[in-house]
Amino acid sequence: MIALEFPPINAILRWQDVAPSFNKIAIIAVLATIIGCTIFAMAARADARKAPRGARNLAETSVEFIENGVIMQTMGRDGLGWTPFLLTLFLFIYLCNVPGIIPFFQMPATARMAIPGALALMVWVVYNGAGIKHQGFGGYFKSVLFPPGVPKALYVLVTPIEFISAIIVRPFSLAVRLFANMLAGHILLVTFALLSESLFQAKDKILIPFGVLPMFMLIFLTGFEVLVAFLQAYIFTILTAVYIGGAVHPEH
Amino acid sequence: MATAVVTLSGGSVVSVRLASEKGVAAAPRAEEGAEPKDMGPNPISPELKELAWGFGSFLVFLVIMRLFLVPKVRKGMAERYDGIRADLEGADAAKADARAEVAKYEAALVEVRAEVAKRVDAARVTLDSERGEAIAAANRRIAAKKAEAEAAAVAERAAARDQISAAVTSVTATATSIAVGKQADNSVVTQAVAQAMQSTGAR
């Protein structure tokens with residue numbers, strides 16, 4: 001029998017301050033902003049007349065990805081004005097997710113509730129604000145709470161459901177989906193890393209070869225987390241676009 | 001603190017389980033009557049400093065991207081796309097011009113070919129008429145030469161006949177004078193020779 005010490009959940013999620021009120025999550029968030037700004041600043045400085053390369057290529061690819069893969073699919077041409085917001089949202093979430101597999105960091109900033117919660121709350125304010133701006137306060141809430149085409153008798157049932165769904169549940173589902181996925185990935189990586197270490201250092205020599213199995217799983221999950229990091233950023237962004245599009249153009 | 005308990009049987013792993021401090025009731029520490037440790041704050045609850053730094057960073061990122069970086073990158077993209085579009089349109093126009101030039105060239109080629117065919121036909125007609133005229137002139141010259149030659153031959157023949165006639169007449173007169181012993185009448189001999197030659201010639 002071997003016993004490995006699994007650290008308390010707070011030990012793998014809560015980080016000590018490296019400066020007053022400035023921990024690893026804050027470092028990742030600040031670095032995400034710096035890296036994103038640096039890439040786009042380099043792209044903005046590059047000669048636009050030449051074929052894009054390096055940072056410019058990366059920036060243009062991400063702009064086109066957001067425009068063609070997110071906005072045109074959910075909001076249409078009218079939604080192109082939202083490109084900077086959705087692009088920033090996507091890049092920020094992705095750059096906060098990716099440190100989960102980067103040595104030294106090994107922690108996605110979105111595996112803590114603060115950033116997903118703040119972003120989801122901001123998205124809630126943005127899509128409700130956009131809806132009110134385009135349809136007026138009454139018009140927007142009428143379109144949300146009393147969807148057209150529903151028999152009037154059913155409004156008793158539909159209206160509370162729509163209120164809970166569109167006004168209350170959406171920000172929670174946005175935040176929890178991102179947070180839970182990144183937290184689960186982080187815990188899985190920690191678990192397999194600890195298991196590999198314990199088996200490789202087992203006193204019983206016969207257990208040592210079994211350490212290869214969790215190690216392979218760890219490698220596989222690390223690769224998988226690259227995909228998850230991108231996918232969760234994409235899902236958060238496309239749902240934001242869907243919510244904004246629905247608020248601005250309820251007929252769609 | 002959670003503990004992973006791996007159970008072995010005969011050297012192989014039978015089961016692995018994670019157990020909390022409370023769960024490891026049979027563990028020695030529990031037997032010692034240790035109180036469960038404080039698990040700390042709720043791991044899900046957000047920390048204010050993380051909220052502030054995370055949201056603040058995002059806002060700074062958004063403002064910089066919205067006001068400066070994305071418009072600049074987008075402007076560059078639009079300029080390049082416009083340039084590419086203009087180049088494509090220019091290429092299309094050049095292609096259309098080239099096609100028009102080719103059509104014009106082909107029309108001119110057809111015209112030139114028709115003109116050439118017309119001129120060749122005219123030349124052939126001219127050549128044929130000139131050849132006919134030349135052949136007719138040559139035939140005329142040949143006929144004239146032939147007539148001249150025939151006339152010369154007739155004259156030569158007449159002259160030869162006269163010479164023969166004179167010679168035969170002279171010989172006949174001499175032979176007659178030798179045969180009869182007197183000078184023969186020259187006109188009679190001449191007439192007789194002429195008659196004899198005429199009848200010989202007729203034969």
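Let me start with a term, friends: two residues are in contact if their C-beta atoms, placed from the backbone, lie within 7 Å. What you have above is a predicted model, in which local features need pLDDT of at least 70, side-chain atom pairs count only at pLDDT 80 or more, and totals for chains, interfaces and linings use all residues. Residues are numbered from 1 along each chain as its sequence is written, while chains are lettered from A and ligands numbered from 1 in the order in which they are written.

With that in hand, take Ala175(A). Leaving aside neighbours within four places in sequence, Ala175(A) is in contact with Met113(A), Pro116(A), Gly117(A) and Ala120(A). Ala175(A) sits in helix H7, residues 155–200 of chain A; helices (H or I, at least four residues) and strands (E, at least two) are DSSP runs, numbered from the N terminus. Between Ala175(A) and Pro116(A) there are 59 residues in sequence but 4.7 Å in space, C-alpha to C-alpha. Is Ala175(A) buried or exposed? Buried, because 24 other C-beta atoms lie within 10 Å; the cut-offs are 20 or more for buried, 12 or fewer for exposed, and partly exposed in between, with C-beta atoms placed from the backbone.

Now to the core. A nonpolar core is a set of buried Ala, Val, Leu, Ile, Met, Phe, Trp, Tyr and Cys residues joined through C-beta atoms within 7 Å. The largest one here has 67 residues, and Cys96(A) is among those with the most contacts inside it. H4(A) brings the largest share of this core, 11 residues. Beyond its neighbours within four places in sequence, Cys96(A) has contacts that include Ile28(A), Ala29(A), Pro108(A) and Ile115(A).

Next, a helix pair. The axes of H5(A) and helix H8 (residues 212–248) of chain A come within 7 Å and cross at roughly 20°; axes are lines fitted to C-alpha atoms, for helices over the stretch in contact, and angles run from 0 to 180 degrees between N-to-C directions. That makes the two helices roughly parallel, a label for angles under 35 degrees. Residues making the contact include Val123(A) and Tyr127(A) of H5(A), and Tyr243(A) and Ile244(A) of H8(A).

Last, the partner chain. How many residues of chain A are in contact with chain B? The count is 46, against 43 residues of chain B. H2(A) gives the most to the side of chain A that touches chain B, with 12 residues.

Methods
Angles under 35 degrees count as roughly parallel, over 145 as roughly antiparallel, 65 to 115 as roughly perpendicular and the rest as oblique.
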